Amino acid sequence: MASYDVMPDVGLFQPATVDDALRLADRFLDEGWLLGGGQDTYGWLKDRAKNPKALIDISHIDELRGIRKTDNGVDIGAATTLREIIGDASIGRDYSLLVDAARRVASPQIRNVGTLGGNLVQDTRCWYYRRGLACYRAGGNICYADGPQAMNREHSVFGASRCVAVSPSDTATALVALDATMTIRSADSSRTLPAERFFVGPATHITRMTALEPGEMLTAVTIPPTWAGKRFYFEKVADRNVWDFALVSIAAAMSLDGDAVADARLVCGGVACTPHRLKGVERAVRGKTLSDETADAVAPLATKGAKPLNYNHFKLPLIENLVRRALRG
Amino acid sequence: MDDSARQHSGERISGAVGTPIPHDSAHLHVSGAALYTDDLPEPRGLLHAAVGLSPVAHARIAALDLGEVLQAPGVVDAMTADDIPGKNNCGPVVADDPVLAPGVVEYAGQAVFAVAAESVEAARKAVHLAKVSYEELKPIIDPVEAVAASSFVLPSEVIERGDSRKAIDAAAHRLQGRVSLGGQDQFYLEGQIAMALPREDGDLFVYSSTQHPGEVQHLVAEAIGRSSKDVVVECRRMGGAFGGKESQPALIACIASLLAHKTGRPCKLRLDRDVDMLMTGKRHDFVIDYEVGFDDDGLISGIRFEFAARCGMSADLSGAINDRTMFHCDNAYFLENISIVSHRCKTNTVSNTAFRGFGGPQGMFAIEHVIDDIARYLSRNPLDVRKRNFYGKTTRNVTQYQQTIEDNIIEDVVTQVESSSDYAARYAAVRAFNADSALLKKGIALTPVKFGISFTATHLNQAGALLHVYTDGTVHINHGGTEMGQGLFTKVAQVVAEELQIDIDRIKITASDTSKVPNASATAASAGADLNGKAAQAAAQTVKRRLIQFAAEHFNVEPSAVRFENNEVLVGGQAIGFAELVHLAWFARTSLSATGFYKTPKINYDRSTFSGRPFYYYAYGAAVSEVIVDTLTGEHRLLRVDIVHDCGKSLNPAIDLGQIEGGFIQGAGWLTTEELWWNEKGELKTHAPSTYKIPVCSDVPEEFHVTILESQANREETIHRSKAVGEPPLMLSLSVFHALRDAVASVSNYQVLPGLNAPATPESVLRAIDGQRAAG
């Protein structure tokens, strides 16, 4: 018997190879749904807010799983679980930023089955959108979160364009900070994008969070050696210590020249529709020594241009405070 | 002798009173085999219901057109208030709670109409096809607004003792303040659900997830225009209730029953989480004003409280809940000159209801807050000020409602936890840590609990039980209590096992059923085991007396020579198996079935003057919590908790330990992460776990030391001298809130009173820290 809060009738394909998966993705296009760990998927389906015809389960495709060291850094298959990443010694040694971020995702149970790819391409948590309301992001012509009565304490302070939803991914901020490259494949082509351009805001494409076109699949993430073993900082602020999305998070990668910062990439999560680079802070901190004074001096730059909504002004001091902590000596 | 008796000869029965046996359904809970209402096999032709909710807080329904709803695929029927054959009411005390809105809606989330369809999906989809037009009226949302407008569900109440005004004016020091305290959703894992099955001749059988089957029975009967004899309500277990299933299930059961009655087909209504949270009541949130006068030691000479509780659109249980607030705003302290004003505010929000503690936590929050303020104002250790104000044992021992406290052990309890937690040294260590730590700050607090046990409405303190003994020596026990995971059924079975001296696995625990035990009170007020344990014991004693009588005659001995012991009955010098004796007794035509009844003695209380003895006894406890706060983000963690809690002589220490731990963590959730947020239009916006955040496993502190103060037998003659344990431990969590205040206060080097409201979410902690910096 059909029941509104259990799974709907939906086709399930379990291809054994990436090529087969891509052929299915190509066949179903918008009506297909790539299924990784399922941790974002099942909620959508149970609520009938998304109604794909077919689930294409890629979680058991060997090519998509595992962590491989190469000359160009490290390749991580998109279906690698967060637990596997957290437990990987070489990532822990060279790119602990990603481990720190992955460790803060949801709960142990979810990290055991949730995949890196799934964490990166997961949809926004905007409650209005997830309830299946016809907002801009769902193809409608209104934003329910950006109104005087709306609950928007979780929403964006940067880069809104009609939609004020934020990127919920913890690992996305880390991978943008590490300047990772995304490998994207479709049935007949393959391309790569820098992580920063993989995530798209509402001004670019209001119904998507990433650059993936229908029929395309994120197959792997490559972290370049540029930042291997550098100084990292990750912190996530949430209402609850675990099993919660970030109100604000920060991922920072810094290379030092003596005591001074040679280069830095600082990325905030939970504040914009994409991982949000703090370029003003990055510029200002170059050449400076990490210290409380430097932190206090540059932190206010992090919120320059921020446009808080009715109920999320509290995010501004949080952003600045996280920058402070990232840059303390 | 039967086998079982031989096997256990010389040992104690299994499951005796006081043994820490597991919950009777633990193996079913963990394996998923326990049947909750939604797991029951669905009867042929079952319809599924869905409810159309009001989207607005206050409006006249100008037009209501269900035409398209009825045309929708799978829909069988629909109904509005006009289709209710009996009374349109599911209010437990006052008849002001309509099942379906009768022309006016009074909160966003109120049930306006109901649909029955062949599937849950069809019913829920069809709901959205209704055409309802609302003429909006001005809503009153918050309690302060309600007080200004004199909008009340029940008259305001006052308790006065002495002359608080004069005492405050004459005091060496005075403080006043206002603090707001959020509500809490019960967040039972199993949502509200009922399944109604028509029986012959218009009768109904209703499965309901309810703490109060009797009330569901009466209200369903009235709604369908029949009498109580025509309706039977059954509940084997609930997946959590916490007070949220004391009065609220009547609404769910009435809707399912009305649709079953109308269509002649069985009907099930199961709310999804969002609808459940929008539609059903929660813990009352309060705005509390206080004024207090005290001396240099912090001894309170006079105090005035004004409570404004958001009751929502109807009275529900708000009268008794707010009475309990007035009875607990002393907590463990003697308040000689006191004035309490309690407003029961009518607001256009969901009608708030029972939740573990039942108004007590809010009253205790108030006095603990005042004491904490006094200590900070005087730069004293808050524990010293607490102790200075404790009730005495022989003097200073009369409450503001004129009950003399006869069982005061608060100092023993506090002394024990003070020492086991090493409070004094850690209090100093926290201050030393804070002096050296710029960004992370620690806080520590010890708070006591004294909680009155009994329903304050005296007539509810009664219970019944029904016990059958079968010829194979096994027993069927039934009583008016309900099982919500708290272990009541296990405890009652232990009482029966003890009384009949048989192993607990010979006793069948059975579903609460209005046709077995009538007119039972709700399983509430922590009194489930106290009341039903005694009633079951009385039933067992009746059968036992008959067996003794029979044995004496049969074996020709004096009745005093018959003794029940470890699955055997000793008759003179001879032992006979329990089953063997039962079989002989049956053969000799002895009745092996009995009812039992119990009413709590000694209590007597006059509500018109708020005086007398509302409580049979008090349960005590104390907790020390230590927290660490990140002053850059407001995030905090509970580092260590030490609890000493009084269970009298525990019926089952394993179950009581679970209640203490669970109650404490649930209370910590109430005071920290759980935030009910209404917008200005009165729409609840935190109505799912995505935005409403209950504690999870990782929020349990790594160091969590719970000690049951077990040797202390209840001085009253309760069931095996045990004490109630359901609600009291929740309030131990006040120590978490005050530890957070302590940490926040350290930002101004303890110079500024922390302006921290509850819940102390990271956002509100950060705001309080900013307040410290701005004022410091």
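Is B:Cys254 buried or exposed? B:Cys254 is buried, with a relative accessible area of 1%. The model discussed here is predicted.

- A:Cys273 takes part in no disulfide, and the nearest cysteine sulfur, belonging to A:Cys163, lies 5.6 Å away.
- A:Cys273 has a relative accessible area of 5%, and is therefore classed as buried.
- In chain B, the closest cysteine sulfur to that of B:Cys254 is found in B:Cys90, at 5.8 Å, which is too far for a bond.
- A disulfide requires two cysteine sulfur atoms within 2.5 Å, and the 5.8 Å between B:Cys254 and B:Cys90 is therefore too far.
- In general terms, a disulfide is a covalent bond between the sulfur atoms of two cysteines.

**Helix 15 and helix 16 of chain B**

- Helix 15 of chain B spans residues 488-500 and helix 16 of chain B spans residues 528-555; their axes are 9 Å apart and meet at an angle of about 30°.
- Because angles under 35 degrees count as roughly parallel, helix 15 of chain B and helix 16 of chain B are roughly parallel to each other.
- The crossing of helix 15 of chain B with helix 16 of chain B is right-handed.
- On the side of helix 15 of chain B, the contact is made by B:Leu488, B:Lys491, B:Val492, B:Val495, B:Val496, B:Glu499 and B:Leu500.
- Their partners in helix 16 of chain B include B:Gly528, B:Ala529, B:Asn532, B:Gly533 and B:Ala536, as well as B:Gln537, B:Ala540, B:Gln541 and B:Lys544.
- The contact between helix 15 of chain B and helix 16 of chain B comprises eight nonpolar, five polar and three charged residues.

**Helix 11 and helix 12 of chain B**

- Helix 11 of chain B (residues 360-378) packs with helix 12 of chain B (residues 382-389) at an angle of about 120°, and the axes are 8 Å apart.
- Helix 11 of chain B is therefore oblique to helix 12 of chain B.
- Helix 11 of chain B passes helix 12 of chain B with a right-handed crossing.
- From helix 11 of chain B, the residues B:Glu368, B:Ile371, B:Asp372, B:Ile374, B:Ala375 and B:Arg376 meet B:Pro382, B:Val385, B:Arg386 and B:Asn389 of helix 12 of chain B.
- Sorted by class, the contact of helix 11 of chain B with helix 12 of chain B has five nonpolar residues, one polar residue and four charged residues.

**Backbone geometry**

- Most residues other than glycine have a negative phi, and most peptide bonds are trans.
- The peptide bond from B:Ala758 to B:Pro759 is cis, with omega near 5°.
- B:Pro759 is situated in the loop between helix 19 (734-745) and helix 20 (762-775) of chain B.
- B:Phe358, a residue other than glycine, has a positive phi near 55°; its place is in the loop between strand 15 (338-346) and helix 11 of chain B.
- B:Phe358 is buried, at a relative accessible area of 13%.
- B:Asn567 is not a glycine either, yet has a positive phi of about 65°.
- The loop between strand 21 (562-565) and strand 22 (568-571) of chain B contains B:Asn567, which is buried with a relative accessible area of 0%.

**Surroundings of selected residues**

- B:Asp289 belongs to strand 13 (residues 286-294) of chain B and is partly exposed, with a relative accessible area of 24%.
- Beyond residues up to four places away in sequence, B:Asp289 touches B:Gly177, B:Arg178, B:Arg304, B:Phe305 and B:Glu306.
- B:Arg60 is part of strand 2 (residues 59-65) of chain B and counts as partly exposed at 40% relative accessibility.
- B:Arg60 and B:Ala101 are 41 residues apart along the chain, and their C-alpha atoms are separated by 9.7 Å.
- Apart from neighbours within four places in sequence, the contacts of B:Arg60 are B:Gly103, B:Val104, B:Ser133, B:Tyr134, B:Glu135 and B:Leu137.
- B:Ala739, in helix 19 of chain B, is buried, with a relative accessible area of 0%.
- A separation of 8.5 Å divides the C-alpha atoms of B:Ala739 and B:Val624, which are 115 residues apart along the chain.
- Not counting residues up to four places away in sequence, B:Ala739 touches B:Gly443, B:Ile444, B:Ala445, B:Ser625 and B:Val627.

How values were computed:
Residues numbered from 1 in each chain as written. Chains lettered and ligands numbered in written order. Predicted model: local features only at pLDDT ≥ 70, side-chain atom pairs only at ≥ 80, totals over all residues. Heavy atoms only, no water. Buried < 20%, exposed > 50% of the residue type's maximum accessible area, 1.4 Å probe, protein only. Axes fitted to C-alpha atoms, helices over the stretch in contact; angles between N-to-C directions. Helix = DSSP H or I, 4+ residues; strand = E, 2+ residues; numbered from the N terminus. Parallel < 35°, antiparallel > 145°, perpendicular 65-115°, else oblique. Left-handed = near helix turned anticlockwise from the far one by under 90°. Contact = heavy atoms within 4.5 Å. Nonpolar A, V, L, I, M, F, W, Y, C, P; charged D, E, K, R; others polar.
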